[in-house]
Amino acid sequence: MPVEFLGIAATGDGSETNPRTTAAFDRDYTLRLARAHEDHGWDRVLFAYGSGSPEPAAAAAFLASHLDRLQILLAHRPNVSYPTFAAKTFATLDRISEGRLTVHFITGGTDHEQQREGDFLTKDQRYERTREYIGIVKKAWTSREPFDHEGPHYRFNDFVSDVFPVRQPRPAVSFGGSSEAAYAAGGAEADIYCLWGEPLARTAEQIERVREAARAAGRTDVPRIQVAFRPIIAPTEELAWEKAHRTVAAIRARRESGDPAPRRRPVAAAPETATPENVGSQRLIAIAEAGERYDRALWTPTAAATGGAGNSNALVGTPETVAQALLDYYDLGVDILSARGYDLLGDAIDFGRYVIPIVREEVAKRDAAKAEAAARAGHERNQLIAVQA
């Protein structure tokens with residue numbers, strides 16, 4: 001199966017290790033970072049969502065109007081707009097990008113962050129709302145006839161859109177989470193299910209949970225799987241590990257300094273000693289407490305240093321080591337690999353230059369071997385039928 005790479009579409013240059021030196025939305029930096037991804041083999045970039053961050057759909061439209069190939073993953077929280085309005089926004093953006101849009105629906109990991117924009121529902125209520133919201137958006141994208149809706153969270157009559165996506169039958173829907181409610185919602189609605197980087201065995205368990213949820217929802221297909229990491233690469237293993245330890249030291253120093261500069265991440269990290277609300281972060285902390293290194297290259301101190309904030313487990317090593325680690329996940333059934341470094345621009349270039357080609361070459365070899373094996377099996381089956389005849 002094909003492999004795809006997802007990077008980050010940051011609108012400013014700050015990260016967990018580096019204070020931001022640009023405006024929150026810097027046109028030049030946004031375009032420069034996106035072009036670095038497009039020019040170095042990445043398939044798409046994520047426009048993340050934060051309560052106080054630049055509005056991602058507008059930023060994505062800016063990027064789409066300047067670049068021709070790079071695809072867009074747009075993060076969206078259902079609490080910030082009515083689903084019919086959102087459906088039109090997404091369809092318009094898909095028109096601007098000529099069919100390059102995927103929408104990532106975020107239910108919300110912390111009450112505090114949701115309440116910043118007036119969302120006071122409980123977590124379970126938020127998941128119920130998200131499922132209803134996605135269903136409405138999908139129908140608005142595809143229905144040429146007016147329709148009514150009456151559900152737990154939304155009610156309207158006689159809606160029909162006049163703008164439809166380029167991508168048919170509709171743009172893909174992306175979803176993530178590690179709770180039972182997340183599996184149920186994403187298993188039912190998602191085309192792509194997103195996970196944070198965990199050890200291989202635990203990732204395999206999560207993939208099976210997603211597939212079980214899809215089957216329970218009556219689907220005959222299953223979502224594609226995306227897994228996210230923070231790559232830390234260098235020409236030698238020794239240099240890579242030195243860089244990894246410097247990175248964790250920089251994360252901790254920035255947190256301890258109380259730096260007031262806005263972070264690039266949409267949700268401020270919790271203290272290392274705090275227990276996060278969302279199950280995904282709880283899992284990251286538990287994994288870090290159980291050990292620092294897993295499998296070929298997975299390293300957890302970066303997650304521990306941020307209190308399990310979002311995509312925070314690292315893959316450390318030479319480009320060859322990190323590429324082989326990513327291939328281990330590919331062999332589990334992961335076909336979208338998400339990666340972003342701590343030097344957003346430089347790491348996007350280095351990862352695209354040195355890691356992506358290795359992974360693509362090895363995936364092509366695997367695909368060729370599978371095709372050859374299938375052809376051989378077909379030939380042997382035909383011979384057997386001929387003999388029996």
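The largest cavity in this structure has a volume of about 50 Å³, a cavity being a set of points on a 1 Å grid over the protein atoms alone where a 1.4 Å probe fits but cannot get out, and the volume being the space filled by probe spheres set on points joined across faces, edges and corners. The model is predicted, so local features need pLDDT of at least 70 and side-chain atom pairs count only at pLDDT 80 or more, while totals for chains, interfaces and linings use all residues. Residues are numbered from 1 along each chain as its sequence is written, and side-chain values use heavy atoms, with hydrogens and water left out.

**The largest cavity**

- The count comes to four cavities of 30 Å³ or more.
- The lining of the largest cavity, made of residues with an atom within 4 Å of a point, consists of G7, I8, H37, W42, P231, A339, R340, G341, L344, D347, A348 and F351.
- By class, this lining holds seven nonpolar, three polar and two charged residues, where Ala, Val, Leu, Ile, Met, Phe, Trp, Tyr, Cys and Pro count as nonpolar, Asp, Glu, Lys and Arg as charged, and the others, Gly among them, as polar.
- Both β1 (4-8) and α12 (344-354) supply at least two lining residues each, and α12 gives the most, with four residues; helices (H or I, at least four residues) and strands (E, at least two) are DSSP runs numbered from the N terminus.

**Helix α8**

- Helix α8 (residues 237-257) has 21 residues and reaches 30 Å from its first C-alpha to its last, close to the 30 Å expected at 1.5 Å a residue, the expected span being 1.5 Å times one less than the number of residues.
- Within α8, the residues A240, W241, A244, T247, V248, I251 and R254 are buried, which means under 20% relative accessible area, as against over 50% for exposed and in between for partly exposed (1.4 Å probe, protein chains only).
- G258 follows α8 and has a positive phi, near 65 degrees.

- E38 lies in helix α1 (residues 27-39) and is buried, with a relative accessible area of 12%.
- Not counting residues up to four places away in sequence, E38 touches L67, D68, R69 and L70, contact meaning heavy atoms within 4.5 Å.
- R35, also placed in helix α1, counts as partly exposed at 41% relative accessibility.
- R35 and L67 are 32 residues apart in sequence and 7.5 Å apart in space, C-alpha to C-alpha, and R35 is in contact with H66 and L67 when its neighbours within four places in sequence are left aside.

**Backbone geometry in loops**

- The peptide bond from Q168 to P169 is cis, with omega near 5 degrees, and P169 is found in the loop between β6 (155-159) and β7 (172-176).
- E98 is not a glycine, yet has a positive phi of about 60 degrees; E98 lies in the loop between α3 (83-96) and β4 (101-105) and is exposed, with a relative accessible area of 64%.
- D295, another residue other than glycine with a positive phi, near 55 degrees, is found in the loop between β10 and β11 and counts as partly exposed at 48% relative accessibility.

Terms used: On a 1 Å grid over the protein atoms alone, a cavity is a set of points where a 1.4 Å probe fits but cannot get out, and a pocket is an open set with protein on both sides within 12 Å along at least five of seven lines; lining residues have an atom within 4 Å of a point.
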